[in-house]
There are 2 protein chains.
Amino acid sequence: MRTIDVSLAERSYPILIGPGLIDGTEALTRLAGGRQVAIVTDDQVGPLYRDRLRAGLGAAPAAVVDVTLPAGEANKTWDSLNRVFDALLRARFDRGCLVIALGGGVVGDMAGFAAAVYQRGVDFVQVPTTLLAQVDSSVGGKTAINHPEGKNMIGAFHQPRLVIADTDTLRTLPPRELSAGLAEVIKHGAIADPAYLDAIERDMAALRACEPQALARAIARSCEIKADVVARDEREGGLRAILNFGHTFGHAIEAGTGYGNWLHGEAVGAGMVQAADLSCRLGNLAREQVTRLTAIIAAAGLPVRAPAWPYERWIELMSVDKKAEQGAPRFVVLEAIGRAALRKVPEAALRQALAA
Amino acid sequence: MRTIDVSLAERSYPILIGPGLIDGTEALTRLAGGRQVAIVTDDQVGPLYRDRLRAGLGAAPAAVVDVTLPAGEANKTWDSLNRVFDALLRARFDRGCLVIALGGGVVGDMAGFAAAVYQRGVDFVQVPTTLLAQVDSSVGGKTAINHPEGKNMIGAFHQPRLVIADTDTLRTLPPRELSAGLAEVIKHGAIADPAYLDAIERDMAALRACEPQALARAIARSCEIKADVVARDEREGGLRAILNFGHTFGHAIEAGTGYGNWLHGEAVGAGMVQAADLSCRLGNLAREQVTRLTAIIAAAGLPVRAPAWPYERWIELMSVDKKAEQGAPRFVVLEAIGRAALRKVPEAALRQALAA
């Protein structure tokens, strides 16, 4: 078992990474001891892992309530969220309760946001079962639901007390979802660590074949990189924006195609190609690195071409992005492989990149 | 103009108290400068003060959007909250925007919670126009909406950047609402400052007649007391619970009679009489102090008798209270006038107090 510590002063917490952890860890049993516990999952992950997680808790909790949400990004809504509140209130859960999120990023976002605002905030544990959630959503404390006008528009920063990443759960993941998770893995290499990007490039076949050691290495390194950025900028004041490499385009793709049609990681894959191309047009990144990054993204089984929309459509879709400042979108660009920065981009370069 | 500073490290903020402040202050103009600003109010307060507040901002903001919510506790719902999100998103407000709450506690709670979760948190200013909001809701950063199963069940701690308490706005307040505000004023004296309770007792006629100096003194002292408690316990870990004196009973009265039938302050008035009686039965408070406190509450124009419900009904209504721990309610009791503490209460004493 590997342990990565996310250092955020009094909100610090560990990420445990390894096989079989869903069946029980001392850390979770200790945290759940004597408390009212809610296991929030969805109708795809629940049947696979809920009973094993529940069995691992044994007699530790004072009470356990199950909440099963409909799966998928399209259900990341207030109505779904309210099911969690209904269940907690019906069971008379007080503010000393513990919410466990069992599932992918959607479940983590929703259960985390529910924990952030239930009685103005209760403790929360993430048990991510997708690669995307293990390498991305489990670090940083971002929680949210969608609004018809934009993704993740309503949310909170709320750090978990513990994250348990069981690498065995990735074996039941559809290949398309595994690829979507690899988008964030590639991103971490691209923005912060050239040697890590080299390793990802080298290990790609092993990663896609769910080779446990390769996965555990990647999850641990990705969590370290993200944890390091988040520790230096918990509330997303500046530096943390680099984690959004590929995301301004990616969010626009998700919004413009209707949430749930492209997976988040797929949209980020194509978005990173656009962002790399934009970086090159701004003179920051060599064209051969754009080509190489595009090849790595393609090798991960991800789309590398964004939808062919007119410039005005892109602008419309991007203008409510949270990184925008009063309507003028900024973009995370690569200065080089392993070094990213947030830049305002001249319209001409943006037009070229979007037309590419 | 009086200024009370609420000290919360990097989230510290000033409360400005005085006549005519709604027409403009340098502090608000500076804060709104160059930003997207939303003025959130309700359909009762808006017609009285919105245009004056807007005029006071002058040309400082980059944009101003008005959001008018239906007035009243019964509308402290997700649906109302969503009107704020709809308006902010339609106007393309980014995370650098500023939300101003203009109105009573309901508007402050809703606009504050909207600011807490819009794009995971934006800045927020309170312009409270009721006595209750000026002495209570404007300090402490508590924001929330109601759930059918309980009051303030969904919310966040989110500190304002600035609070502007214009004492002139209290002149348009219905007498019943002024009395409701006095409940919290009396509470602050009862839990923290015997000399302040003496002053309230002495000034009661002047307070009810809206005498400006008496009001300004009370608002300032109440804000000081609450700010001092909050500064020592921002997230309501322990000490802050004493601010809930009278509130466990009061919330039960509000819930059991249907939100909006009793004003919050009225329920707290009757609830404080119950809590004082309970304190006496536990041997902590002299009976003559219960009588005196009851007389002060009555002199403020507040009810002193709670509904005559069976014990089981009270327990049911109180068991989802946020101060409850796994079903066993605790109560804030007075050890003496000016000194409060949170105590688990034996069932026998509770039965007697509820039957009294």
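Because the model is predicted, local features need pLDDT of at least 70 and side-chain atom pairs count only at pLDDT 80 or more, while totals for chains, interfaces and linings use all residues. Residues are numbered from 1 along each chain as its sequence is written, and chains are lettered from A and ligands numbered from 1 in the order in which they are written.

**The sheet of chain A**

Chain A has an open sheet of seven strands, ordered β1-β2-β9-β6-β5-β3-β4, with mixed pairing. Helices (H or I, at least four residues) and strands (E, at least two) are DSSP runs numbered from the N terminus, and two strands pair if DSSP finds at least two bridges between them. At the edges of the sheet stand β1 (2-6) and β4 (63-69) of chain A; each has a single partner strand, so one side of each is left without a neighbour in the sheet. From one strand to the next the twist averages 15 degrees. Axes are lines fitted to C-alpha atoms, for helices over the stretch in contact, and angles run from 0 to 180 degrees between N-to-C directions.

Within this sheet, β6 (residues 123-128) and β9 (residues 162-166) of chain A pair in the parallel sense over two bridges. Gln126(A) stands opposite Val163(A) in β9(A). Helix α2 (residues 46-57) of chain A packs on the sheet and touches β3 (36-42), β4, β5 (98-103) and β6 of chain A. Its direction makes about 160 degrees with that of β3(A). Helix α4 (residues 105-117) of chain A also packs on the sheet, touching β3, β4, β5 and β6 of chain A, and its direction makes about 170 degrees with that of β5(A). Contact between two residues requires that their C-beta atoms, placed from the backbone, lie within 7 Å.

**The sheet of chain B**

In chain B, seven strands form an open sheet in the order β1-β2-β9-β6-β5-β3-β4, and the pairing is mixed. The edges are taken by β1 (2-6) and β4 (63-69) of chain B, each with a single partner strand, so one side of each is left without a neighbour in the sheet. The twist averages 15 degrees from one strand to the next. Strands β3 (residues 36-42) and β5 (residues 98-103) of chain B run parallel and are joined by four bridges; Ala38(B) stands opposite Val99(B) in β5(B). Among the helices, α2(B) packs on the sheet and touches β3, β4, β5 and β6 of chain B, at about 160 degrees to the direction of β3(B). Helix α8 (residues 212-232) of chain B packs on the sheet too, touching β1, β2 (13-18) and β9 (162-166) of chain B, and its direction makes about 10 degrees with that of β1(B).

**Domains of chain A**

Chain A is divided into domain 1 (2-172) and domain 2 (178-355), with bounds from an automatic or database domain assignment. Their centres, taken over C-alpha atoms, are separated by 26 Å. In the contact between them, 30 residues of domain 1 of chain A meet 29 residues of domain 2 of chain A. On the side of domain 1 of chain A that touches domain 2 of chain A, the elements giving two or more residues are β1, β2 (13-18), α5 (131-137) and β8 (150-157) of chain A. The largest share of that side, five residues, comes from α5(A).

**Core and single residues**

The largest nonpolar core has 238 residues, and Val40(A), Val99(A), Val40(B) and Val99(B) touch the most other members. Such a core is a set of buried Ala, Val, Leu, Ile, Met, Phe, Trp, Tyr and Cys residues joined through C-beta atoms within 7 Å.

A residue is buried if 20 or more other C-beta atoms lie within 10 Å of its own, exposed if 12 or fewer, and partly exposed in between, with C-beta atoms placed from the backbone.

| Residue | C-beta neighbours inside 10 Å | Class |
|---|---|---|
| Arg120(A) | 23 | buried |
| Asp51(B) | 11 | exposed |
| Ser222(A) | 28 | buried |

Arg120(A) is in the loop between α4 and β6 of chain A, and its phi is positive, near 65 degrees, although the residue is not a glycine. Arg120(B), in the loop between α4 (105-117) and β6 (123-128) of chain B, has a positive phi of about 65 degrees. Most residues other than glycine have a negative phi.

Asp51(B) is part of helix α2 (residues 46-57) of chain B. Asp51(B) and Val6(B) are 45 residues apart in sequence, and 28 Å separate their C-alpha atoms.

Ser222(A) belongs to helix α8 (residues 212-232) of chain A. Leaving aside neighbours within four places in sequence, Ser222(A) is in contact with Val135(A), Glu184(A), Val185(A) and His188(A). The C-alpha atoms of Ser222(A) and Tyr196(A), 26 residues apart along the chain, are separated by 8.9 Å.
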